[in-house]
Each structure stands twice: as C-alpha cells, then as structure tokens.
Amino acid sequence: MSFLRDWPVALRKRLTAVMRDRQVGLYALLLTGSLLLFLLSEWHR
Amino acid sequence: MISHLRFLVFFIIIFYFSYRVFSLTKDSALFGPLRFLIVLFISAGLSNLAGFHELSLFWKFLVFSYAAAVAVIFQPELRRIYFNRTYHSSPGVGGHYIGNEEIRGKFIDDVVLACQTLSRKKIGALIVLERKNNLWDFIQTGILIDALFSPELAYSVFLLESPLHDGAVIVRENRIVAAGCILPLAERVEMKKLVGTRHRAAVGITEQADGLSIVVSEETGKVSLAVQGRIAWDIEAGALKKMIRILYREVDR
C-alpha cells in the first residue's frame, strides 16, 4: 500500500509544483471561485 | 459538516481541472480568451446574487456561445495542445530506429556531412528524422522517394534548381521517404517574430510529433536542431553528431 504511505509526499510535491507556477495557480483559483459563485448563485435562486 | 466536506471536494475537483486547463494552455494564444471566462462567470454570479434573474438565460447563452466560438476560432491551438499531450507524454524512442550500430553510425555521419556541405554552400535545408510517431500525414504532402540517405542525394534535393528544394525531406530509419514535404508552422509567438518559415516549420513538426528536425539556414548557413517544440541554434558539426546520436537511437521499452 505505497499510496497510503506516500500520499503526504505526493501531495506536498504537487502543491510545490502549483506554488511554483503562481500565475497558472492564481488564474485556476480565480476560475474556480468565479465558477463556484456562478453555480451556487444558480442553485440558491 | 457533510455539506462543507462536499463543498471542499467540489472545490478541489474544479480547481484541479482549471489548473490543468491553464497549465496546458499557458504558452498558447488560448490563455487570454480563457481568462475572460472568469469575468463572464463573475458577472453572471453577481447578477444572479443581485436578483436579476431575468438575465440568467442571457448569461448562460453568452458563456456557451463564447466557449463554442473560442473552440472554433482556436481550433489549431487546441489541435496542437491535443497532439502535445498525446505524443509528448510518451517520450520513448523506438518506432523507427536502426538496430545495427554500424549502419546507424554511418547514417548519422552522412546526415552531419550533408548538413556541413549545405551549410558551407549556404543552401537552405530541412531534414526531419522520424522517430516513434508516424509522419505519414506529412510524407503524403511531398514526393515519395524511398532511397537510401546519402549526402549527395540530400545535397541534390536541396539545390536551388531542384523542384523539391522548397520543402522538407523526411527520413525513416536510413532512407529518405519523401522530399518537398509541407510541414505545419510553429505557433509560438516568439518563433513568429524571430525566424523565417523554414525554422518555424522545423519547430512546428516537433510540436506535433516526436521527430528531430535539422535546419540549415539559407541566409547564414548555420545549422540548428529542433526537438519537442524547442530549437538549438547554430550547432557545430561535432555537437550535432553527438545530439543526433543521443536522440536517434533505440531505448529500452
């Protein structure tokens, strides 16, 4: 069960990669936020 | 608690997909239009929150038609990204290679010699060595030759008087499969600014397939080598030989 043992390392690596590419991370965050805002505003009408 | 957890999972999934989309399109012209989606979603969300429910249909129509228009207008970019994903994610070499070390060495020497001759005489040339990805789509655009590669043959193909000089020579194993082939041009903006069509074609083919392309500049006689959408400028004969030796070989699969 290497996945269960190694997932914190894998997650940290992935997060480091996301942090390194800040511009992409920032736009992805903005798109996620705006999409969620749109979807939630639709559902809670 | 459960609804918070659900929201978090939902957030992570959407963030993951947004991140993948932006990182794939980072170097392409699609990056800008995709960012505009953020503005559209925020406007739609805010107008919903402000109670302008009548506008909802308009926003939905706008988002979908915008997405469709982007897909149509940027179809070449999307195609390039798709090919990059499918081809470049498997960097292994080995569909076409020359198993015999001696023949491979002789072939590489011949390629380098051809480039040196063309470079000395300042004759523009573009030679593509096929690797794992089949280049049949591009071979079809030229004239089929199917002859053993030799510096003399390469030289005579690229001579200005030759009807085949204005295009690429595609090589499979140690045979020239076709000459006068038309290749896709590189899409990257910096390539458009910097160089002529021959260099852009050399990079363009390596953006779509894993082959190597060797270009001899008509103006300066300098030899460059492109692979996987990148180009190494002005390479000396020794370095060129070394690079082809490394890149054009069988690897353990």
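Me: How many residues does the contact take from chain A and from chain B?

Reply: The contact takes 23 residues from chain A and 24 from chain B, contact meaning heavy atoms within 4.5 Å. This is a predicted model, in which local features need pLDDT of at least 70 and side-chain atom pairs count only at pLDDT 80 or more, while totals for chains, interfaces and linings use all residues. Residues are numbered from 1 along each chain as its sequence is written, chains are lettered from A and ligands numbered from 1 in the order in which they are written, and side-chain values use heavy atoms, with hydrogens and water left out.

Me: And what area is buried between chain A and chain B?

Reply: About 2,400 Å², with carbon and sulfur atoms giving 79% of that; buried area here is the accessible area (1.4 Å probe) that two parts lose on being put together, summed over both. A:Y27, A:L31 and A:F38 supply 22% of the area that chain A buries against chain B, more than any other three residues.

Me: Which residues form a salt bridge there, and how far apart are the closest N and O atoms?

Reply: The rule, a side-chain nitrogen of Lys or Arg within 4 Å of a carboxyl oxygen of Asp or Glu, finds one salt bridge across this interface. A:E42 pairs with B:K60, with the closest N and O atoms 3.2 Å apart.

Me: Which element gives the most to chain A's side?

Reply: That is α2(A), with 19 residues, where helices are DSSP runs (H or I, at least four residues) numbered from the N terminus.

Me: Switching to chain B, at what angle do α2 and α3 pack?

Reply: Helix α2 (residues 31-49) and helix α3 (residues 56-73) of chain B pack at about 170 degrees with their axes 10 Å apart, the axes being lines fitted to C-alpha atoms over the stretch in contact and angles running from 0 to 180 degrees between N-to-C directions. Angles over 145 degrees count as roughly antiparallel, which means that α2(B) is roughly antiparallel to α3(B). Residues making the contact include B:F36 and B:L40 of α2(B) and B:W59 and B:Y66 of α3(B).

Me: Back to salt bridges: how many over all chains?

Reply: The count comes to nine. One joins the side chains of B:D109 and B:R245 at 3.9 Å, N to O, linking helix α5 (residues 101-120) to helix α10 (residues 237-247) of chain B, with the two residues 136 residues apart.

Definitions and conventions:
Angles under 35 degrees count as roughly parallel, over 145 as roughly antiparallel, 65 to 115 as roughly perpendicular and the rest as oblique.
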